[in-house]
Amino acid sequence: MNLAIIVLIVLFSISSFFFARTKVKKIAISNQTKLNALPDYYGFYLSLWCALPALLILIVWTIFEPSIIKAFIFQGISGENAQTYNNSELNLIYQQIKSFHFGYFTGTITEEIIRGAESYKSFLSIAQGSKIVLLATIIIFTTLYALKKILNNNKAREDVEKIFKGLLFVCSLVAILTTIGIIFALLFESIKFFSVINIFDFLFGTSWSPQRAFVRDASTITAEEYADLKNAFGTVPLFAGTAFIALIAMIVAVPIGLFSGIYMAEYANTKVRKYSKPIIEILAGIPTVVYGFFAALTVGPFFREIGEKFGLEVSSESALAAGLVMGVMIIPYISSLSDDVINAVPQSLRDGSYAIGATKSETIKRVVFPAALPGIVGSVLLAVSRAIGETMIVVMAAGLAANLTLNPLESTTTITTQIVMILVGDQEFDSPKTQSAFALGLTLFFATLVLNYIALRVVKKYREKYE
Amino acid sequence: MNKDQLLKKRYRAEKRFKFYGLVSITLAILFVIFLVNVIFSKGRTAFQRTTIAVEVNFNTEELELSSNASIEEIQDADFYDLSINSLLKLYKTEGAKQEKELLRVFSPDHDIEIKNFLIKNLDNLNKNVIVNLTTSDDIDQLHKGNYPRHLPEERRRISDFQLLIYDQLVKENKVNKVFNTFFFTNGDSRNPELAGIGGSLFGSFFTIIITLILSFPIAIFASIYLEEFAPKNRITDFIEININNLAAVPSIVFGLLGLGILLGTFDLPRSTPLVAGITLSLMTLPRIIIPCRASLKAVPPSIREGALAVGASKVQSVMHHVVPLSIPGTLSGTIIGLAQALGETAPLILIGMVAFVVDIPATPIDPSASLPVQVYLWSEQAERGFVEKTSATIMVLLSFLIVMNFIAVYLRQKFEKKWS
């Protein structure tokens, strides 16, 4: 339905473009006046006025329609029944009514649901009708307004450019809106979570087992139950696991990435560079789910077999396998960034070093590397932030149980794994378990934000130094 | 240590250092080769399907059909008994247990396969025809050599009797390999031999189209604004910081955004390409804006000044001259951003795309999977047949990514103007 309306509006606005253009030309010829802008701009002016306000109203309407209908339905349910429902029960009934209306309801059909579906249908048609009437009036008024302006020979180009610049500005605001959306989504659920669980118990508790948390009504928790809950949501094992796997990844990625970056920047001739750089960058283009599959299917079992040969007990979901594969994934980020950074070091520094008799490797170790160090540190920090935010590899190859261990052969779990495990499949709304995933997301978001911010500042400062 | 020795030591250090670099690059390249090799060697066999030639007598009386039945009539007919009878004629069985084992050599949907064969070849009514029927996953894997047959019986999924049947059929030349069209046309299934990526291909297609429609115009407009029109002030700085940070936010956070805002607040339908597309476009937006800005920046100021000098307005100079020149770079940046979005899994899992969907989605608001999510789903399955299916899905996904990246590189090299 909305699609049809949008198509109609767009068609109307396109035709109004041609209408305005010819109209203005005719008037200019018949009145022997000079137009203030090219005829096209009058066309743009009319079609923009025709489409933009209507589309804007349509978007706002579409966003708010479901929640308004929902409120009406809620009123209907609570109004006609003597018994009172709490919020989640109302939500459930609303979902049932909706699915009944669309014809994929499975379950016992009650009188209430049938009546609800009827009123849902009538609300929908009322909303539909009033939407079309509203949009039609708006289009008529705005078109008439713009037409009058055009006929008065306004400065169409300036007006069109103003609207256009406004449109550009609004588009660039989407980034800010996304950030606000992320913070809002994470904070909203996290605040609910932290009203049940103390934030310090969350951050410093050492036992994580959210499947034990089945308390639904947060207001009636006794001290005893809280002690139990506290033990379900201690995130220290998750932080430790995340940091541990990221550390293993860094141990793999930093030396390999750094040495390949140095080799590519300082030693490789153009031919080697031309072929090896894109091949290494393939590693960055492979989807992480592929690495996850690779880690779970090949690397994990391989380590377990080797371990068996030496009489070691290696978990097939070991931190080592996940970290190693993650390290491979991160190599290109470090190598290409450090390659860039090393290339940015001025040649004069190298020439000075060669002039006093240093070999190439001495120059690199003692002159180029220290000069490039801030940039390299920045690139490593970016890589760390990528490692702790990486999801699929650890979901598929690392374990689920929250062990507080430093043995790379045992299985550990990470923040991202737990978020996925909690939110995959059916969730109960308003339970601390579901909310804890958002709290974890919030911590992850802030951790990566801080790392990225520092890294970008360091890299930027470094660039400015040599430019 | 005299001078010569010192010099030799320094030269050795030099060689060592160079060697480390070479080893690192070789290691990285070896990883690529190893990874691709593992995937390809495991996934290759999924493009073939094992079938067994079975003689079927399409007797209209037995099927309770009229002698020149229409397609609709055949659709409604029950082929189960006919199918069972034809299969049991293949090998002599004694007792219900052996009968059951013989039937389990075949995929459970054998009656539907026979029906579809008849619908495609209507003139075979009342004839004895050889039909190639899909084998079960275990026989399929055995025939492809992925299944060890020398284990003791209790550790095998195939019984000794089934092995006997299989060997006999191989001797009679009845076991064939055909190109596995099921893999591309079928939706998901619990039986590996019937499971296909048809549904997830469509899911991925819808998702990427929605991502493209939403992110491409917004990204271009935003980068034109920031590069050409934005005044140097706090708001502009704030927008830029936001974009740079968003580009590095982990993808799973965008999944939480989709779950909390799109599904929670706006009540959009779960598990659908629509929500996936919106989530992914928010994620790709900053990743497209950054290369778009770079390609706008690469257009030399002389172009803008030339346009302004002959009386164009600022908007005209940008839209008529700068933007057209930046299009190759912009497009290639967009394609690379979309390729990343195509391989993204974590946010899609959070918005519920992991549901088991058999039907192929017809619109973006039908529940569906996507290619990377299908990889994740199948990799969790225990059956041996899903390993090759997963690898083959990865091969399909990777070939899409390779094509997209090649187009991006081609666009940039062919059409981008070098300013010097």
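Reader: Why is B:Leu133 called buried?

Author: B:Leu133 has 22 other C-beta atoms within 10 Å. A residue counts as buried if 20 or more other C-beta atoms lie within 10 Å of its own, as exposed if 12 or fewer do, and as partly exposed in between, with C-beta atoms placed from the backbone. The value of 22 therefore puts B:Leu133 in the buried class. This is a predicted model, in which local features need pLDDT of at least 70 and side-chain atom pairs count only at pLDDT 80 or more, while totals for chains, interfaces and linings use all residues. Residues are numbered from 1 along each chain as its sequence is written, and chains are lettered from A and ligands numbered from 1 in the order in which they are written.

Reader: Which residues are in contact with B:Leu133, leaving aside its neighbours within four places in sequence?

Author: They are B:Thr51, B:Ile52, B:Val54, B:Phe106, B:His110 and B:Glu113. Contact here is a C-beta criterion (two such atoms, placed from the backbone, lie within 7 Å). B:Leu133 itself sits in strand E2 (residues 128–134) of chain B. Strands (E, at least two residues) and helices (H or I, at least four) are DSSP runs, numbered from the N terminus.

Reader: How do you know that E1 and E2 of chain B pair?

Author: Seven bridges join strand E1 (residues 48–57) of chain B to E2(B).

Reader: At what angle do H12 and H14 of chain B pack?

Author: Helix H12 (residues 273–297) and helix H14 (residues 314–342) of chain B pack at about 145°, with their axes 8 Å apart. Axes are lines fitted to C-alpha atoms, for helices over the stretch in contact, and angles run from 0 to 180 degrees between N-to-C directions. The crossing is right-handed, a term for a near helix turned clockwise from the far one by less than a right angle (left-handed if anticlockwise). Among the residues in the contact are B:Met283 and B:Arg287 of H12(B) and B:Gly333 of H14(B). By class there are ten nonpolar, nine polar and one charged.

Reader: What makes a residue such as Gly count as polar?

Author: Ala, Val, Leu, Ile, Met, Phe, Trp, Tyr, Cys and Pro count as nonpolar, Asp, Glu, Lys and Arg as charged, and the others, Gly among them, as polar. In the contact of H9(B) with H12(B), the classes give 19 nonpolar, eight polar and four charged residues. The axes of helix H9 (residues 198–229) of chain B and H12(B) come within 6 Å and cross at roughly 35°.

Reader: How many residues does each chain bring to the contact of chain B with chain A?

Author: Chain B supplies 66 residues and chain A 68. The largest share of the chain B side, 17 residues, comes from helix H1 (residues 3–43) of chain B. That side divides into 49 nonpolar, 13 polar and four charged residues.

Key:
Pairing = 2+ DSSP bridges.
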